[in-house]
Structure formats: C-alpha cells, structure tokens
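Visitor: I'd like to go through this one by asking what stands behind each label. Could you show me the sequence and structure first?

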Amino acid sequence: MIKVYYSHTPFWRAEVLRVSLYISNIPFEDVRISRDEFINMIKTGFLPNGKRVPFHQLPVIEVDGKIIGQTGAIARYCGKISNLYSNDNINAAKIDQIIDAATDITNIVSSTIREKDEQKKIEDRLLLKNKLLPRWFKYLENILSQETSEWFVENKMTIADIAMWRLLGWLTSGIIDGIPTTIVDNYPKLKNIHYTVHHNAKVQEWMLKTYGKEI
Ligand SMILES: N[C@@H](CCC(=O)N[C@@H](CS)C(=O)NCC(=O)O)C(=O)O
C-alpha cells in the first residue's frame, strides 16, 4: 500500500501525487499531517508514526514501508505507476522540465511568502506580478505552442499537466496578496491546461470527495 503524507491542503506538490494515483484507481492512504505534526517533522525529521523523513520536508510517500521525498522524484514514481508519465526518454524529459519549472516558480513565490519586511514583500509581489511570473508563463506558453495537442507532452494528460493545474490554481486563487486572479489570462494555452485538467471527470470527483468543493 502506498501512503502520501502532506498537510490538508491541495498544494500542487502533494496534489500531483494524490490525483495521479486517484485518476488511475490506484489505492493509497492519503495521510494529512496537522500543523503541529508538520512543525515537529521539520525539527525532528520524524512523522507522527516514527518514520524518518529524508530531507525534513513534505510531501513524502511511503512504499512498502520505505519513505521517499522530493516532489519531482515521487511525482515521477506516481506518474509511472498511474500511466501518466512516459516510457519514451525524450517525452519523460519533457515532462520533467515542466515539473522542474513548477518547482522554480514555487520557489520565487515562496520566498515572498517568507518575507517578514512588509514593504519589501509588496515590492517583491509587484516584481512577481509584472515581470517574473509573466516571464515564466510566456516560456510555458511557448512550449505549449510547439505541441500538436493541448497537452504539454505526448498528446495526453500527464503529471506535467496535473502539476501545472494545481500550481496555476494556487497562483490564480487570490490567496497571494498582490497576485491577481487574472494573472494567466494572457496565456490561453496555459489557461486551457488549468481548465481542462480541472474539468476532467475524475479530477472533479476527487475535489468534491476530498474538499467538498472545487478548489
Ligand atoms: N525540494 C523539496 C521541497 C519541498 C518543500 O519545500 N516542502 C515544504 C512544504 S510545501 C516543506 O516541507 N517545508 C519545510 C522546510 O523546508 O523546512 C521538494 O521538491 O519536495
């Protein structure tokens, strides 16, 4: 049995694991970590059940009792067993570059969330809104423009699209002060990835079952 450990939030790092398994009907235990348990894990490197977390970070998955971390690595594992990755080396690398881009985008946004100086935070968010995020979205839109289908890779939905769906869901949610909900509106192909994954029947089923609403 596979277990996925993360907080009770639909953040892309965890959702790419949960949703790829769910879509493909692969049973897994969806372990939601409380805030106190998370803080304790960062400090001690242990989950509440005594399992050691390799990098003191979440998400992690547990397979046959072994814990594995790092979003990219475990997204690929879940993608492989869910048939949402690729057996072709080039297409696999094309999927990886999107997951790595999602990580890079997350890092530039997260650094502004950690910023304690309120004035600096406002300036950083302006830079994100006006320059940094549009730059990344343009790169992603260019990649999509070179594809023959609406998807990032191989004419089908993969973990690249699922990761991007939730990353964009976060960035357009309005939860990040200074980042408008319209931030991807000028990138129609990218926006379409969000729309199409979001309206996938199994994804809809997952959101309603797990969160009681669309996320
Ligand atoms: N490189 C890791 C980063 C994961 C990460 O930053 N996770 C956050 C939660 S979204 C975390 O555990 N932060 C605690 C910490 O870094 O101390 C990955 O790709 O999974």
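What follows is a conversation about the labels and the values behind them.

Guide: One word on the ground rules: this is a predicted model, where local features need pLDDT of at least 70 and side-chain atom pairs count only at pLDDT 80 or more, while totals for chains, interfaces and linings use all residues. Residues are numbered from 1 along each chain as its sequence is written, and side-chain values use heavy atoms, with hydrogens and water left out.

Visitor: Which residues surround the ligand?

Guide: Tyr6, Arg13, Phe38, Ile42, Gln57, Leu58, Gln70 and Thr71 do. A residue is put on that list if one of its heavy atoms lies within 4 Å of the molecule.

Visitor: How does that shell split by class?

Guide: Four are nonpolar, three polar and one charged. The classes go like this: Ala, Val, Leu, Ile, Met, Phe, Trp, Tyr, Cys and Pro are nonpolar, Asp, Glu, Lys and Arg are charged, and the others, Gly among them, are polar.

Visitor: How much of the ligand does the protein bury?

Guide: The protein buries 70% of the 510 Å² that the ligand exposes when taken alone. Those areas come from the Shrake-Rupley method with a 1.4 Å probe; for residues, only the protein chains shown count as cover.

Visitor: Why is Arg18 called buried?

Guide: Buried means under 20% relative accessible area, exposed over 50%, and partly exposed in between (1.4 Å probe, protein chains only). Arg18 has 0%, so it counts as buried. Arg18 belongs to helix 1, residues 12-23; helices are DSSP runs (H or I, at least four residues), strands likewise (E, at least two), numbered from the N terminus.

Visitor: What does the Arg18 side chain contact?

Guide: Its side chain makes a polar contact with that of Glu15, at 2.7 Å. A polar atom of the Arg18 side chain is also 2.9 Å from the backbone oxygen of Ser7.

Visitor: Why does Asn25 count as exposed?

Guide: Asn25 has 60% relative accessibility, and the cut-off is over 50%, so exposed it is. Asn25 sits in the loop between helix 1 and strand 2 (28-33), and has a positive phi of about 60 degrees although it is not a glycine.

Visitor: What makes Glu154 partly exposed?

Guide: Its relative accessible area is 30%, so Glu154 falls in the in-between class. Glu154 lies in the loop between helix 5 (118-145) and helix 6 (159-171). Its phi is positive too, about 65 degrees, although Glu154 is not a glycine.

Visitor: Buried or exposed: how is Asn91 classed?

Guide: Asn91 is in helix 4, residues 89-114. With 15% relative accessible area it is under the cut-off, so Asn91 is buried.

Visitor: Which kind of peptide bond joins Leu58 to Pro59?

Guide: A cis one, with omega near 10 degrees. Pro59 is in the loop between helix 2 (35-44) and strand 3 (60-63).

Methods: A polar contact is a pair of N or O atoms within 3.5 Å; within protein, one must be able to donate a hydrogen and the other to accept it, and residues adjacent in sequence count only if both atoms are side-chain atoms.
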